[in-house]
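Look at the structure first, then read on.

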Amino acid sequence: VGPAPDDPLPGASLIVIQDGRTIYRRDFGSYVGIAPQAPVASASKWLSALVIQRLVEQGRMHWDDTVADYFGTGYSNPDPVKGAITLGQLMSHTSGIGVVDNACLAYAHRNMALDDCAKSILGAPLAWTPGTIFAYGPNSMQVAGAMAQRATGQSWAKLVASELTTPLRMTRTNYGINPNGKPFANPIVSGGARSTLRDYANVVQMIVQGGVFDGAAYLSPESIAEMQLDQTHGLPKDVDSDPYPDAFGYGYGEWRHAVDCNGAATRISSTGAFGTSPWVDYDHGIAAVFLAYKQNLPTGVSDDLTQLWDLVDDALGGPTGCSH
């Protein structure tokens, strides 16, 4: 699977890791050998969910923490229904918060306070009753990021450093730097990360290894499994915002593309709109990343990437057991 000659994608890279060993690594297009840092769009969601899961495992947050636990009635237009929204709902797109980008997510507002952006989102009317619709969008995770800041007293950038990039040796991953060389105060939690092929490969390698990276425990196997459970619980979907209608639900920051006979996820991903696709395939112990070096790709890229996953799977023998 690759771009047509007139496709605007100038370059991409692919790495496939199996049993802790790189079995395929190739660059395509004009960036061969350069491996630049690239915006990964919604592939950021997996990274952000890992930051939150680490805080949950440490007991500093809980998935059933509510908006009211952190914001009380201090946001505009206080509403007990909004106050009952949980951290888990925010990170699984079941919070009832609308999917149209709040104005505070615009680039011009990257240096406002993340807390203020969250209050703006919470001040808007809910689109649905919390816990009744799966609606994939950016706003809810912004609120979760602000809750993490309030829980720890640390900025999102510092949490990313302590809970993600330092332990996983991701030296070239961040959520944006302003012209003064400082991290954005209002990073886009759901889609603002920039990373490299090697950095994100460390993430998926850790996941396929059950939470272990470089011989040390990053997360417990139970935490990894918790993130991969279907947190949508069969809810109806907002079809206009759903890029993967055939997925077997959504966990915390990750799609469930295939499951085994018991409903456990066997293929998971967090593909972004710009074409970057990290995925894990448990059937063959695969951890892989396709990193695209382009923004605003044409529609249909998700279908191309699904074909890419299948090609890699077929090259390694096809599906095993009763995964589907």
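## Buried residues and the whole chain

A residue counts as buried when its relative accessible area is under 20%. Keep that cut-off in mind below.

The model is predicted. Its protein chain has 10 helices and 10 strands. Of the 324 residues in the chain, 54% count as buried. Among contacts between residues at least 6 apart in sequence, 68% join residues at least 24 apart.

Helix 6 covers residues 139-152 and has 14 residues. From its first C-alpha to its last, helix 6 reaches 21 Å. That is close to the 20 Å expected at 1.5 Å a residue.

Is helix 6 enclosed or open? Count its residues under the cut-off. Of its 14 residues, 12 are buried, so helix 6 is largely enclosed by the rest of the structure. The buried residues include N139, S140 and M141 at one end of the list and A148, Q149 and T152 at the other. Between them come Q142, V143, A144, G145, A146 and M147.

What covers the buried residues of helix 6? The cover includes helix 1, helix 2 (67-71), helix 4 (87-91), helix 5 (114-123) and helix 7. After helix 6 comes G153, with a positive phi near 75°.

## Helix 5: mostly covered

Helix 5 is one of the elements covering helix 6. Helix 5 is itself mostly covered, with seven of its 10 residues buried. Those residues are L114, D115, C117, A118, I121, L122 and G123. They pack against helix 2, helix 3 (80-83), helix 6 and helix 7.

Start with helix 6. Helix 1 and helix 6 pack at an angle of about 30°, with their axes 11 Å apart. That makes helix 1 roughly parallel to helix 6, because angles under 35 degrees count as roughly parallel. Their crossing is left-handed. Helix 1 brings K45, I52 and L55 to this contact, and helix 6 brings M141, A144, A148 and T152. By class, the residues of this contact are five nonpolar, one polar and one charged.

Next comes helix 7. Helix 1 and helix 7 pack at about 75°, with their axes 9 Å apart. Helix 1 is therefore roughly perpendicular to helix 7. From helix 1, the residues L47, S48, L50, V51, I52, R54 and L55 take part. They meet W156, L159, V160, S162, E163 and L164 of helix 7. This contact has nine nonpolar, two polar and two charged residues.

Helix 1 (residues 44-57) and helix 8 (residues 197-208) pack at an angle of about 60°, with their axes 12 Å apart. The two helices are therefore oblique to each other. Helix 1 passes helix 8 in a left-handed crossing. W46, L47 and L50 of helix 1 make the contact with Y200, V203, V204, M206 and I207 of helix 8. What classes of residue does the contact of helix 1 with helix 8 have? The contact has eight nonpolar residues, no polar ones and no charged ones.

## A closer look at L159

L159 lies in helix 7, which spans residues 156-165. Is L159 buried or exposed? L159 is buried, with a relative accessible area of 0%.

Which residues does L159 contact, leaving aside neighbours within four places in sequence? They are V51, L55, A148, Q149, T152, Q154 and L164. L159 and L55 are 104 residues apart in sequence. In space they are 9.2 Å apart, C-alpha to C-alpha.

## A loop residue: T66

T66 sits in the loop between helix 1 and helix 2. T66 has a relative accessible area of 17%, so T66 is buried.

Not counting residues up to four places away in sequence, T66 touches G83, A84, I85, T86 and M147. M147 is one of the buried residues of helix 6.

Conventions. Residues are numbered from 1 along each chain as its sequence is written. This is a predicted model: local features need pLDDT of at least 70, side-chain atom pairs count only at pLDDT 80 or more; totals for chains, interfaces and linings use all residues. Side-chain values use heavy atoms; hydrogens and water are left out. Helices (H or I, at least four residues) and strands (E, at least two) are DSSP runs, numbered from the N terminus. Buried means under 20% relative accessible area, exposed over 50%, partly exposed in between (1.4 Å probe, protein chains only). Contact means heavy atoms within 4.5 Å. Axes are lines fitted to C-alpha atoms, for helices over the stretch in contact, and angles run from 0 to 180 degrees between N-to-C directions. Angles under 35 degrees count as roughly parallel, over 145 as roughly antiparallel, 65 to 115 as roughly perpendicular and the rest as oblique. A crossing is left-handed if the near helix is turned anticlockwise from the far one by less than a right angle, and right-handed if clockwise. Ala, Val, Leu, Ile, Met, Phe, Trp, Tyr, Cys and Pro count as nonpolar, Asp, Glu, Lys and Arg as charged, and the others, Gly among them, as polar. The expected span of a helix is 1.5 Å times one less than its number of residues.
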